[in-house]
Amino acid sequence: MRTKELKKAAFSLVPSSYMLQYAGSIGLLSAGTGWDYGRHKQWSTDFLLGYVPKYDTDRAKLTLTLRQSYTPWEIKLSEQFTYHPLRTGAYLNTTLGKQFWYKEPDKYPNSYYRFSTRLRINIFVGQDFSYKIKSNSSYFEGIKFYYDLHTSDLYLVSGVQNKYLKFDDYIGLALGVKLQIRRK
């Protein structure tokens with residue numbers, strides 16, 4: 001019995017999905033893996049690596065993101081299609097590079113910068129559509145297409161303190177696809 005419990009515990013460490021995301025303040029393009037769990041797989045923890053092109057800076061950047069999502073209910077559209085009208089959660093995002101910091105460097109007056117340039121705390125709300133793959137021999141069980149509207153701690157404070165900012169100055173859009181691995 002102990003071996004069976006160990007196998008079950010080890011299996012829960014194996015990711016249950018792969019994802020690809022466009023935008024979302026975690027890079028122009030991000031890829032990662034995740035774990036879906038809960039009675040109805042309504043919880044998801046994802047880890048993503050993002051790429052930010054250099055644009056007008058001297059080099060491109062990489063980001064790391066840890067995201068927690070909750071999808072409280074679903075609407076079955078057919079045997080294969082499901083709609084999730086609410087998808088919400090939070091994520092931590094860090095940008096890699098020596099020019100970013102958690103605590104302001106000594107060269108700045110105390111509390112000159114109130115936010116870290118390395119770490120962003122984000123919240124989001126969105127929706128997704130799922131397609132269940134009928135074939136039992138496929139490596140993937142299903143595919144989800146999602147979108148999220150998000151903001152960060154810095155954007156939210158800026159939006160509240162600066163009345164001249166418009167909604168789209170502090171709210172962003174992310175588009176993604178999530179491939180769910182068939183768990184046997």
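1. Lys178 and Asp46 are both buried, where buried means under 20% relative accessible area, exposed over 50% and partly exposed in between (1.4 Å probe, protein chains only). Their side chains meet in a salt bridge at 3.6 Å, N to O, the term standing for a side-chain nitrogen of Lys or Arg within 4 Å of a carboxyl oxygen of Asp or Glu. Lys178 lies in strand 9 and Asp46 in strand 3, so this pair ties together parts that are 132 residues apart in sequence.

2. The model is predicted: local features need pLDDT of at least 70 and side-chain atom pairs count only at pLDDT 80 or more, while totals for chains, interfaces and linings use all residues. Residues are numbered from 1 along each chain as its sequence is written, and side-chain values use heavy atoms, with hydrogens and water left out.

3. The protein has 3 helices and 9 strands, taken as DSSP runs numbered from the N terminus (helices H or I, at least four residues; strands E, at least two). Their order along the sequence is α-β-β-β-β-β-β-β-β-α-α-β. Of the 184 residues, 36% count as buried.

4. Asp46 also forms a salt bridge with Arg67, with the closest N and O atoms 3.3 Å apart. Asp46 is in strand 3 and Arg67 in strand 4, so the pair ties together parts that are 21 residues apart in sequence. Both residues are buried. A network of salt bridges links Asp36, Asp46, Arg67 and Lys178; the count for the protein comes to 8 salt bridges.

5. Another of these pairs is Lys41 with Glu141, whose closest N and O atoms are 3.7 Å apart. Lys41 sits in the loop between strand 2 (29-37) and strand 3 (43-52) and Glu141 in strand 8, so the pair ties together parts that are 100 residues apart in sequence. Lys41 is partly exposed, at a relative accessible area of 44%, and Glu141 is partly exposed at 23%.

6. The largest pocket holds about 520 Å³ of space. A pocket here is an open set of points on a 1 Å grid over the protein atoms alone, where a 1.4 Å probe fits, with protein on both sides within 12 Å along at least five of seven lines; lining residues have an atom within 4 Å of a point. The lining has 23 residues, and His40, Lys41, Glu74, His84 and Gln180 lie nearest the centre. Strand 6 (81-95), strand 7 (119-132), strand 8 (140-152) and strand 9 (172-181) each supply at least two lining residues.

7. The second largest pocket has a volume of about 430 Å³. Among its 19 lining residues, Ser25, Asn93, Thr95, Arg120 and Tyr155 are the closest to its centre.

Notes: Grid points are joined across faces, edges and corners, and a volume is the space filled by probe spheres set on the points.
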